[in-house]
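User: I have a model here that I'd like to go through with you. Start wherever you like.

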Amino acid sequence: MTERCYKLYRYQIPMDSQVVLRNRFLKQREGLLVQIRCGESEGWGEIAPLPEFSQETLDQAQQQALEWLNAWDQARSRNEKLSLENCYPSVAFGLSCALAEMKNKLTTEGNFNAAPLCYGDPDELYEELDQLPGEKIAKIKVGLYEANRDGLIADMFLEAVPDLKLRLDTNRSWTPTKAAMFAKYVKPEHRTRIQFIEEPCKTPAESLQFAAETGIAIAWDETVRDPAFTVKAEPHVAAIVIKPTLVGSLEKCVSLIEQAHQQGLIAVISSSIESSFGLTQLARIAQQYTPNTTPGLDTLDLMKVQLVRAWPNSTLPLAGLDSEYFTEV
Ligand SMILES: O=C(O)CCC(=O)c1ccccc1C(=O)O
Ligand SMILES: [Mg+2]
């Protein structure tokens, strides 16, 4: 009989003091690493509900993960499978990753060419773009300042860097009037190099209307997590953004990716501010399932330390399971 065992490690790491999530500062990032072992095979995953975005709390996720693992152990001893269907998204994602790793279903190669993320200082982005290998693609958070300023900045980048493609993210913050102000400052000949704006307006209908009026492509992010969401090709919709920690199991994410590709849409694997452990696993998922798309994973530098697995070329210190950041559950 194969011996099965599992362990949870809870982590808490300090963040850059500047990180704001919706309405609050995120001073610490907390989550769990899960290890499962079946005989000689071992797999790991990260379960890290994101405050302000996930419905579940970390305590709820931890309890559910323990219950599932216990039930899984029993089910496996009867040679049965146990579904992740009814688990919280963060739990389903972390556990499905651990299972996939254990079964050697996840490639070891990763796509670490994440799109550099810019929160507003253009000079920082110029520097990063200079050093970017391959496709020149960057992401700017907009909707935080005035819409005409956002438009000016986007247009300036597109003018200054002729092979640059931009992703913009408004997080549903513009009214139709503000969205129109933004567009007014982006010259029509530059608009095709906006790969997409994620959720420009407060509602999907307004975002579609904006895209139709301006010819600027959009992408769904928040909308993907709407229980009623289905993948469908619509005019000016270029992409769906998939944040696995907020979406669910690897299988569910892969199904969304396949549906997107069938409909001619880009699927972008993106961060929910996981630790370097989770981010490197997301880079591997991106490499395996969206090999031609730059993932949105440039969030490691919001943290002060990396955990267990290092992101290539990151200068942040790497802490192990025996470090002060971990407690075994
Ligand atoms: O998508 C990316 O490139 C980075 C991740 C990101 O922007 C994000 C990370 C956590 C929560 C929300 C968001 C967002 O898309 O607004
Ligand atoms: Mg977004």
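Analyst: I'd start with Arg172, which sits in the loop between strand E8 (165-169) and helix H5 (176-184). Helices (H or I, at least four residues) and strands (E, at least two) are DSSP runs, numbered from the N terminus. This is a predicted model, in which local features need pLDDT of at least 70 and side-chain atom pairs count only at pLDDT 80 or more, while totals for chains, interfaces and linings use all residues. Residues are numbered from 1 along each chain as its sequence is written, chains are lettered from A and ligands numbered from 1 in the order in which they are written, and side-chain values use heavy atoms, with hydrogens and water left out.

User: OK. What phi does Arg172 have?

Analyst: A positive one, of about 60 degrees, although Arg172 is not a glycine. Arg172 has a relative accessible area of 27% and is partly exposed. On that scale buried means under 20% relative accessible area, exposed means over 50%, and partly exposed is in between (1.4 Å probe, protein chains only).

User: Switching to the ligands. Which residues are closest to ligand 1?

Analyst: The closest are Lys139, Lys141, Asn171, Lys243 and Ser270, out of 14 residues that surround ligand 1. A residue counts as near if one of its heavy atoms lies within 4 Å. The shell divides into three nonpolar, five polar and six charged residues. Here Ala, Val, Leu, Ile, Met, Phe, Trp, Tyr, Cys and Pro count as nonpolar, Asp, Glu, Lys and Arg as charged, and the others, Gly among them, as polar.

User: How far is a polar side-chain atom of Asn171 from an oxygen atom of ligand 1?

Analyst: 2.7 Å for Asn171. For Lys243, a polar side-chain atom also lies 2.7 Å from a ligand 1 oxygen, and for Ser270 the distance is 2.7 Å as well. Taken alone, ligand 1 exposes 380 Å², of which the protein buries 95%. Those areas come from the Shrake-Rupley method with a 1.4 Å probe; for residues, only the protein chains shown count as cover.

User: And the magnesium ion, what are its protein donors?

Analyst: Asp169 (OD), Glu198 (OE) and Asp221 (OD), lying 2.2 to 2.3 Å from the magnesium ion (ligand 2). Donors are N, O and S atoms within 2.8 Å of the metal (3.2 Å for Na, K and Ca); water is not among the atoms, so the site may look incomplete. Along the chain the donors follow the spacing D-x28-E-x22-D. Glu198 in strand E9 (residues 194-198) and Asp221 in the loop between strand E10 (218-220) and strand E11 (237-242) are 23 residues apart, a pair that links distant parts of the chain.

User: Are Glu198 and Asp221 buried or exposed?

Analyst: Both Glu198 and Asp221 are buried.

User: What order do the strands of the seven-stranded open sheet have?

Analyst: E6-E7-E8-E9-E10-E11-E12, with parallel pairing. The edges are strand E6 (117-118) and strand E12 (266-269), each pairing on one side only. Two strands pair if DSSP finds at least two bridges between them. E11 and E12 run parallel and are joined by four bridges. Ile240 has Ala267 in E12 as its bridge partner.

User: What about E4, which strands does it join by bridges?

Analyst: Strand E1 (residues 4-14) runs antiparallel to E4, with 11 bridges, and seven bridges join E4 to strand E5 (residues 41-47), also antiparallel. Leu8 stands opposite Val34 in E4, and Leu33 stands opposite Glu46 in E5. Eight of the 11 residues of strand E4 (residues 28-38) are buried. The hairpin of E4 and E5 has two residues between the strands, and there Gly39 takes a positive phi near 60 degrees.

User: Last one. Which side chain does His190 make a polar contact with?

Analyst: That of Asp155, at 2.7 Å. A polar contact is a pair of N or O atoms within 3.5 Å; within protein, one must be able to donate a hydrogen and the other to accept it, and residues adjacent in sequence count only if both atoms are side-chain atoms. His190 is in the loop between H5 and E9 and counts as buried at 7% relative accessibility.
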